Amino acid sequence: MNQNTSMRKIRSVGPLRRLAPAALALVMAVAYISAAQPFAAAPAPKQAPKPRAVAKPGGILRIGGERDAADLDPHTTRIGWDVNIMQNVYSGLVRAGTDILPQPDLATRWEFKTPTRLEFTLRQGVKFHNGREVTSEDVKYSLERILDPKVPAGYASTIASIDSIETPSKYTVVLNLKRPDAAIVTNLSLPSMAIVAKEAVKPMPVGLKEGMMGSGPFMFKEHIKGQRLVLVKNPNYYEKGKPLLDELHFIPLIDETARTNALRAGQVDFIEPVPPKDVSALRRDRRIVVTGGPNLSFVGISLNTSKKPFDDARVRRALAYAIDRKEMVEKAFDGFAQPLLGPPLIPPYWAGNRETYYKLDREIAKRLLAEAGYPDGLKTTLRIGTTSYHAPFAAVVQSELKKVGVEVEIQASDSTSANRAWIEGNFEMYPIRWWGADFVDPDGAFMPLFTCKGSYNNSRFCDPELDKLLTKGLEVTSTEERKEAYRIAMKRLAEQQPWVFLVAFDRFQAMRSRVKAYAAFPNASQYSLREVWLEK
Amino acid sequence: MTRYIIQKLFSLVLVLLGISIVVFTMIRLVPGDVVDFLYGLYMGSERMNEIRALWGLDRPLVVQYLDWMGRVLQLDFGRSLVSGRAISEEILTRLPVTLHLSFMAAVWSVVFGITLGVIASRFPNGKIDGMVTTIGMLGLATPHFWLATLLVLVFAVYLGILPSIGYIPLLEDPIESTRSLVLPAVALGTTMAAAVMRMTRSAMLEVLSHDYIRTARAKGVAERGVFSRHALKNALIPVLTLIGTETGKLLGGSLIIEQIFAVPGIGQHAVEAVLSRDYPVLQATMLVIASSYVIINTLADIGYGVVDPRVRYD
């Protein structure tokens with residue numbers, strides 16, 4: 001399974017989106033048991049997949065990760081690695097699929113009764129690991145805990161539109177919203193929206209940090225600090241036949257090289273993420289398979305639109321024409337990134353598209369600059385911090401813009417000072433990486449960054465037209481309508497260019513070849529661990 | 001002697017107090033706090049300030065320091081802001097691992113360093129001496145993180161005879177435990193081995209030029225006896241001091257070695273705390289590492305007086 005086939009699989013899930021979710025679960029369950037490559041099999045049942053090998057249950061998967069588990073409380077943690085672990089233990093109302101659209105998890109159905117009244121129907125008979133049934137009261141308790149000001153829940157803002165929660169029956173939950181918010185369903189698929197059992201929660205500051213107890217495919221066994229965190233199979237998981245593995249061991253390998261070497265020495269079976277510098281070497285190793293690809297995080301230059309020269313959209317667009325993305329990918333990201341020639345959302349993400357609005361054309365860039373009143377070019381500054389890609393990134397920007405007569409002075413400082421300058425508006429250009437995996441809905445990235453009152457609108461950009469288009473994405477509720485709304489909004493965003501969008505990051509996983517059925521998610525989720533099995 | 005030890009202990013307390021202030025202020029000078037790390041960029045600054053208030057990070061630094069110090073004096077290090085775990089419990093499980101690793105590294109480097117040093121001094125300026133001196137220079141000049149990666153590549157990835165990561169407690173399985181620490185201990189102890197070797201060699205050469213060695217040879221003592229009974233014993237005094245300070249340095253070196261070999265010691269814990277700006281954890285680990293260093297040095301000073309009868313602490 002190389003990178004291409006895994007990405008093809010991710011895209012091919014698309015057509016299934018509108019099928020009854022229960023059918024999807026059934027088809028996938030059957031497919032996983034009968035075939036090694038479930039995602040290829042699921043969307044096209046007519047063409048029966050060639051049975052390569054039969055999935056065998058059992059075994060231990062040793063996973064080398066970038067750090068030790070720190071905060072085990074699913075509601076408070078913001079550390080990616082903790083999220084990777086706990087999503088195997090907890091279930092949510094919904095769960096992101098490989099295209100990051102919400103799929104049924106504890107909820108089998110959901111429906112907007114009115115634009116501000118959202119009803120979820122829960123799956124019956126799902127048990128917490130302590131044997132108690134999961135009910136609507138648990139959902140209410142969990143969501144209220146996330147919104148509790150005394151609990152530092154990192155993602156609380158994504159469901160802040162919830163006004164009140166009703167539980168008309170044991171298996172029905174109703175969310176009353178303060179305003180229309182179509183993004184809330186996708187936001188509820190964040191792993192941090194885990195449904196927890198009240199009896200497992202201790203008073204803060206301990207909360208749920210001492211152990212994990214959910215209703216997911218694996219159960220918490222032990223955490224030997226600094227050595228490994230062990231999860232064991234939940235024999236009563238509601239999806240029959242899953243998980244296949246007996247145990248998951250999460251082993252902290254903080255040093256990047258140590259992580260790669262441990263995989264090559266066979267001391268772990270799987271590592272994530274793979275340091276980009278090691279991808280080529282690992283691909284050459286026949287005992288190892290590398291998967292992964294475009295990720296939801298993107299990098300661009302935030303432009304200060306409140307000051308000259310970037311208050312003029314023509315100047316901002318000139319920059320988008322002037323920077324060679326290929327040069328940027330090669331020199332600043334070692335070739336492991338995707339060029340962005342328009343707004344930042346690209347497939348396999350459901351709301352992404354590959355429409356290109358820009359190409360490398362220095363003549364157009366020069367003409368736009370001349371039209372804006374800078375026929376002889378201009379001088380500007382680029383602030384950077386100590387983030388690893390910043391220095392090579394700045395060098396590429398400087399040399400590329402020089403070719404169209406824009407002189408860039410690089411102002412380097414430590415990352416926190418640079419970030420503060422960005423927030424306070426003491427900058428002209430600032431490179432930013434937006435970690436899209438945290439925001440599974442396009443609303444999460446665009447509202448704060450690019451609307452007039454957005455909390456991270458440090459480009460100080462205000463376009464009432466774009467605000468209107470983005471709000472539309474929250475008011476319509478069907479996926480197709482939302483997708484269209486964001487396509488139009490992105491077109492407007494591309495024309496306005498408050499940021500020069502440059503690249504989307506790649507993220508890789510590597511595993512011993514005996515690890516089967518792993519699928520990469522563009523938001524770095526590890527949901528497929530419940531489907532993974534080991535060849536003996 | 002007793003008075004000396006009491007004096008030493010008193011200065012130990014002062015040193016630790018100083019360290020606690022330095023550590024406390026230094027990590028707060030580093031831009032970005034734990035709330036920035038955990039919730040930065042995506043959470044509104046108002047909400048972040050609420051969380052700071054929740055954790056008492058909005059109080060004046062002096063108040064925060066006195067509050068922390070007051071609890072440390074009652075041996076309560078508090079809880080980690082990130083993991084919510086009791087810090088003293090965490091340190092008690094991790095410190096023995098670091099001490100085990102440092103002990104193995106120290107034993108290896110002392111045995112290796114003294115042996116080679118004596119051999120080199122037996123044949124000064126000859127071929128063997130040249131070789132040993134070169135090894136010593138290389139050992140001093142090689143950064144241990146580089147050597148560590150090299151050792152992993154050779155012995156774990158290519159030859160596959162030693163584990164590249166992990167730690168098994170000594171009591172669980174002594175053989176596997178030793179195997180799991182061979183590579184980290186070798187990588188960690190190389191600098192110390194080289195230093196001990198060079199010190200042994202030069203001390204031996206110095207002692208061998210003394211009159212009493214000539215006398216010993218003149219009265220017919222065998223060369224082996226001259227070396228082991230007369231020369232080595234005296235040459236070891238400066239070597240012992242060196243071993244004391246170098247062993248202290250091992251604790252610092254283990255910070256990096258523990259990352260590379262995934263050894264769950266206190267160094268690994270400290271690095272994670274630095275990365276996440278987990279103030280209470282970092283303060284506690286630094287205090288523990290610094291005290292270990294100071295205690296080891298104090299022990300070396302006292303040991304010095306025991307070995308060398310001319311040194312008296314009155």
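**A buried loop residue and its surroundings**

Modeller: A:F310 lies in a loop of chain A, between β12 (288–303) and α9 (313–322). Keep in mind that the model is predicted. Is A:F310 buried or exposed? Its relative accessible area is 1%. The cut-off for buried is under 20%, so A:F310 counts as buried.

What is A:F310 in contact with, leaving aside its neighbours within four places in sequence? The list includes A:L303, A:N304 and A:T305. A:L303 is in contact with A:F310, and β12 of chain A spans 288–303. A:V315, A:R316 and A:L319 are also in contact with A:F310; α9 of chain A covers 313–322. Further along the chain, A:T380, A:E428 and A:M429 complete the set. For a sense of scale, take A:F310 and A:E239. They are 71 residues apart in sequence. C-alpha to C-alpha, they are 54 Å apart in space.

A disulfide is a covalent bond between the sulfur atoms of two cysteines. The structure holds one disulfide over all chains. Both cysteines sit in the loop between α14 (442–450) and α15 (464–475) of chain A, so the pair ties together parts that are ten residues apart in sequence. A:C452 has a relative accessible area of 30%, so it is partly exposed.

Now chain B. Its secondary structure comes to twelve helices and zero strands. Its 314 residues are 48% buried. The C-alpha atoms fill a box of roughly 85 × 55 × 35 Å along the principal axes. Among contacts in chain B with a separation of 6 or more, 73% join residues 24 or more positions apart.

One helix pair of chain B gives the packing in detail. Helix α8 (residues 174–208) and helix α10 (residues 223–260) of chain B pack with their axes 8 Å apart. The angle between them is about 155 degrees. Angles over 145 count as roughly antiparallel, and α8(B) and α10(B) are therefore roughly antiparallel to each other. Their crossing is right-handed. The residues of this contact divide into 21 nonpolar, six polar and one charged.

Helix α11 (residues 266–276) of chain B brings both chains together. Eight of its eleven residues are buried. Among them are B:I266, B:H269, B:A270 and B:A273. An α-helix has 3.6 residues a turn, so residues three or four places apart point the same way. The buried residues of α11(B) also include B:G267, B:Q268, B:E272 and B:S276. What covers them? The cover includes β10 (247–252) of chain A, and α2 (34–39), α5 (87–122), α10 and α12 (279–307) of chain B. After α11(B) comes B:R277, with a positive phi near 55 degrees.

Last, an exposed contrast. B:E46 lies in helix α3 (residues 45–54) of chain B. Its relative accessibility is 68%, so B:E46 counts as exposed. B:E46 and B:Y293 are 247 residues apart along the chain. Their C-alpha atoms are separated by 42 Å.

Definitions and conventions:
Residues are numbered from 1 along each chain as its sequence is written. Chains are lettered from A and ligands numbered from 1 in the order in which they are written. This is a predicted model: local features need pLDDT of at least 70, side-chain atom pairs count only at pLDDT 80 or more; totals for chains, interfaces and linings use all residues. Side-chain values use heavy atoms; hydrogens and water are left out. Axes are lines fitted to C-alpha atoms, for helices over the stretch in contact, and angles run from 0 to 180 degrees between N-to-C directions. Helices (H or I, at least four residues) and strands (E, at least two) are DSSP runs, numbered from the N terminus. Angles under 35 degrees count as roughly parallel, over 145 as roughly antiparallel, 65 to 115 as roughly perpendicular and the rest as oblique. A crossing is left-handed if the near helix is turned anticlockwise from the far one by less than a right angle, and right-handed if clockwise. Ala, Val, Leu, Ile, Met, Phe, Trp, Tyr, Cys and Pro count as nonpolar, Asp, Glu, Lys and Arg as charged, and the others, Gly among them, as polar. Buried means under 20% relative accessible area, exposed over 50%, partly exposed in between (1.4 Å probe, protein chains only). Contact means heavy atoms within 4.5 Å. A disulfide is a pair of cysteine sulfur atoms within 2.5 Å.
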